[in-house]
Amino acid sequence: MVQSKILFYTTIFLQFWMSNATSMPQELALLQWKASLADASSLSSWSPAGNSTCCSWFGIKCDATGHVVELSLPSAGLRGQLDAFDFGAFPNLTKLNLNNNSLVGSIPYRLCELPSIAWLDLGCNYLDNPEYSRLSPMPTLEYISLSRNKLNGEFPKFIFGCTNLKFLDLSKNAFHGPIPDLLAKMTPNLLHLNLCWNKFSGTIPRSLAQLPKLRELRLRSNIFSGGFPEMLTTMNTLQVLTLGNSTFSGSIPEGIGNLTSLQVLGLANNNFTGPLPMSIGKMKHLQAFYLFNNNLNGAIPAAIGNMTALQQLFLGYNNLNGTIPPEIGNMTALQQLDLRNNQLEGELPATISVLRNLNYLALGTNRFTGTIPLALGRGQPLNLIGLANNSLYGELPQGLCRSFALEVLALNNNNLSGTLPSCIRNCSHLQSLRLGQNHLSGNISQVLGVHSNLTVLDVSENQFSGTLSPTFCSYTSLLILDLSNNNLSGELPSCWWNMQNLQFMDLSINAFIGKLPTARSRISSLKFLNLANNYFHGEFPSVIQKCKNLTILNLGQNRYDSIIPSWLGVTNPRLRILQLRSNMFHGNIPRKLSQLAYLQLLDLADNKLTGSIPTEFADLTSMRQQNTEQLVILVEYSTQYPYFGRVDINWKGHYETFQRTVSLVTGIDLSSNFLTGEIPRGLSNLQGLKFLNVSRNRLSGSIPKGIGDLKFLESLDISWNQLAGTIPSSISNLMYLSSLNLSSNQLSGMIPKGNQLQTLDDSSIYANNSGLCGFPLSIACPGDSSSVPAFEQKGYHKDLEELWLCYWVIAGFIFGILLWFGVLVFLKPWRMAIFECVDKMQNVVIKKMRPVWEEPPPQLSTKKRTV
């Protein structure tokens with residue numbers, strides 16, 4: 001009985017197994033691979049439960065006989081390796097797509113066990129090189145994508161065994177070396193070749209021209225060299241050609257116009273020179289043309305107007321000149337036009353206004369003049385207008401933003417005037433508004449509306465007026481706010497610090513009054529704060545304590561009247577520039593300022609500070625060595641137009657504006673206060689100082705002997721104090737010193753000589769020091785024969801120069817005579833030629849004089865002269 005049951009169940013099992021003979025090995029192989037994965041949560045349907053086969057599982061496709069023909073799992077979140085995958089169990093698999101997962105390890109060489117595979121996509125993973133030597137030919141493959149992995153080495157030669165290949169993508173790996181010349185011969189059916197973002201080098205093989213079916217050739221971002229590959233101009237089937245981000249040089253050949261099927265041409269970021277080929281007008285199917293960041297010159301050819309299908313034209317960052325041809329208005333499909341950073345000139349053609357699809361217009365940093373076309377913006381979906389850094393004038397067109405799609409408007413550094421278009425108030429998508437350095441006017445609060453996406457607002461150096469309304473507090477996305485150098489007035493709204501994301505704020509050179517509003521929470525993003533040249537008053541703003549990342553603080557030229565709080569050196573540890581000049585700050589200089597390890601500029605001039613200079617200043621870390629690190633306050637991230645903050649510094653007696661070079665300025669200015677005591681000897685440890693000004697105080701004692709250790713010092717002013725003693729001889733070691741003032745003290749003794757000091761011959765440098773003598777003063781030092789008054793030294797030098805001039809003239813005359821005598825004595829051919837020339841000249845003179853000698857004497861007249 002038991003044996004009968006066993007036989008019955010065995011028969012049933014065999015029948016079931018035979019009916020599923022094709023699917024069982026496949027199911028087991030798939031389940032085995034799933035079990036090996038670290039994350040296979042997307043494969044929950046892969047389960048042996050029930051009578052269903054793997055053909056119903058996620059990502060699986062079978063043919064009519066139950067064989068798996070496709071395994072497609074792109075972006076499935078898989079993590080793991082391919083080692084456990086039994087490729088031999090899928091003899092009918094034609095497509096394997098595992099793109100955009102997190103697969104690691106080597107690409108298995110057992111892929112070649114897929115005899116029917118036509119489509120293989122392992123791109124966007126973290127796969128390493130396979131064992132190339134164990135990979136056998138895969139002639140059935142038509143599509144291979146291994147892009148964005150960790151593959152390296154030379155071009156993989158197993159590709160040569162894929163003789164039916166039509167699509168090959170090896171982009172974004174680390175392959176290097178040349179492209180094999182054999183590639184075209186072994187893969188004659190290629191339609192698409194993508195080798196971008198690798199390290200391929202050398203020249204592009206001429207054999208690629210033997211690929212008659214090639215439609216797309218993408219080779220950008222490699223290390224190719226040489227000129228434009230001429231053979232490419234014969235491949236008139238090409239639709240996409242990208243050679244950007246390499247080191248190609250030379251001119252672009254006229255033959256480029258033969259590529260009449262081309263739709264995308266990318267040649268940006270190379271070293272191409274010469275003019276744009278006239279033949280580009282033949283490429284009437286071209287939709288995208290990228291040539292920015294080369295060295296092209298010459299004018300934009302009028303033939304460009306024939307490219308009526310063009311949607312994107314990027315020619316920025318070249319040396320193109322001339323005007324924009326009016327034929328550009330024929331490019332009716334144009335959506336993006338970028339010609340910035342060239343040398344283009346003339347007026348903007350009115351035909352730009354007829355480009356109804358134009359949404360991106362970047363013409364900044366050229367030499368354009370005239371007015372902005374009145375119709376610009378009408379009926380155009382413009383979201384970016386960049387006309388900065390030109391010489392445009394006149395009023396802004398009222399329809400400039402009529403589509404209300406405007407996101408970026410950059411018109412800074414022109415000569416524009418008048419008021420802003422009223423439509424700006426309703427541009428709710430506005431992200432960047434840069435109008436600085438113009439002559440625009442109007443009430444700022446009436447011009448601007450609610451712009452919740454605004455990140456950059458720069459209206460500096462204009463004539464805007466009015467007060468700031470609470471609407472400003474709604475600009476919560478704002479990163480850069482520059483309202484400097486206008487006619488703005490009134491108090492700041494109490495909600496001011498709702499702008500929590502501000503990194504740069506410049507309100508300087510206006511007429512703001514009152515106190516800086518307080519804040520409830522930290523203002524951690526603010527790096528630059530400039531309130532100089534206003535009428536702010538009261539105590540030192542307590543809100544500064546909450547600006548933990550503040551790098552530059554300028555409260556100068558206001559009416560603050562309090563002590564400088566000691567917490568400033570503790571709560572703002574990142575401060576690099578601190579300017580509090582021209583206020584009414586009083587009391588002692590806080591010693592805790594020495595804890596500002598990054599401080600490179602300290603300006604407390606023109607206040608009412610008392611006490612001594614803190615000896616702890618010798619510990620200012622950032623001033624102890626020359627600063628070479630660039631100070632980048634903020635670079636605008638949201639557009640292509642970078643923003644650099646400005647810093648005004650009293651440099652060598654007059655104000656200078658520093659932007660990108662502010663990191664080069666390191667100094668201390670404590671002038672025009674009521675400081676007493678000696679100059680701390682430890683200041684000579686601050687060897688990175690470029691300037692030191694402690695003038696117009698009540699300092700006493702002597703000049704520190706180690707002053708010469710400040711080897712990078714360019715400006716030193718310690719005038720109008722009560723300093724006594726001699727000038728240290730080490731001062732002559734200051735090789736970069738170009739501005740010096742020691743006047744109006746009680747110094748005595750001989751003025752040091754030598755090196756850079758000899759160029760500082762203005763006697764006013766040492767004036768009002770009754771005990772000083774020597775050059776450049778007219779007072780000679782007793783017992784010093786080398787000490788000559790300045791006017792005598794100047795006269796002596798002048799006589800010496802005249803004497804040397806006479807010597808040179810006499811020497812030249814003697815040398816000339818000796819040269820002629822030498823020629824006559826030692827060079828017989830020259831001597832004979834000169835004598836022959838003299839004889840000929842003598843004969844000519846004699847012939848001309850002979851008629852005079854032979855003329856008969858004149859007859860005397862017998863008539864009397866009438867008087």
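A: C55 and C62 are joined by a disulfide, with 2.1 Å from S to S; a disulfide here is a pair of cysteine sulfur atoms within 2.5 Å. The link of C55 and C62 is left-handed, with -100 degrees about the S-S bond. C55 counts as partly exposed because its relative accessibility is 27%; buried means under 20% relative accessible area, exposed over 50%, and partly exposed in between, with a 1.4 Å probe and protein chains only.

The model is predicted: local features need pLDDT of at least 70, side-chain atom pairs count only at pLDDT 80 or more, and totals for chains, interfaces and linings use all residues. Residues are numbered from 1 along each chain as its sequence is written, and side-chain values use heavy atoms, with hydrogens and water left out.

The structure holds 4 disulfides. Another one joins C401 to C423, at 2.0 Å from S to S. The torsion about the S-S bond of C401 and C423 is about 90 degrees, so this disulfide is right-handed. The pair links distant parts of the chain, 22 residues apart: C401 is in the loop between β29 (391-394) and β30 (408-410), and C423 is in the loop between β31 (415-418) and β32 (432-434). Strands (E, at least two residues) and helices (H or I, at least four) are DSSP runs, numbered from the N terminus. Both C401 and C423 are buried.

C773 and C781 also form a disulfide, with 2.0 Å from S to S. Their link is right-handed, with 105 degrees about the S-S bond. C773 counts as buried because its relative accessibility is 9%, and C781 counts as buried because its value is 6%. With the bonded cysteines of the protein numbered in sequence order, the pairing is 1-2, 3-4, 5-6, 7-8.

Now the aromatic rings. Rings of Phe, Tyr and Trp (its six-membered ring) pair if their centres lie within 6.5 Å; planes under 30 degrees apart count as stacked, over 60 as edge-to-face, and the rest as tilted. By this rule there are 25 aromatic pairs. Among them is the stacked pair of F224 and F248, with 6.1 Å centre to centre and 25 degrees between the planes. F224 is in strand β15 (residues 223-224), and F248 is in the loop between β16 (240-242) and β17 (249-251), 24 residues apart. F224 and F248 are both buried. W33, W46, W57, F85, F87 and F90 form one aromatic cluster.
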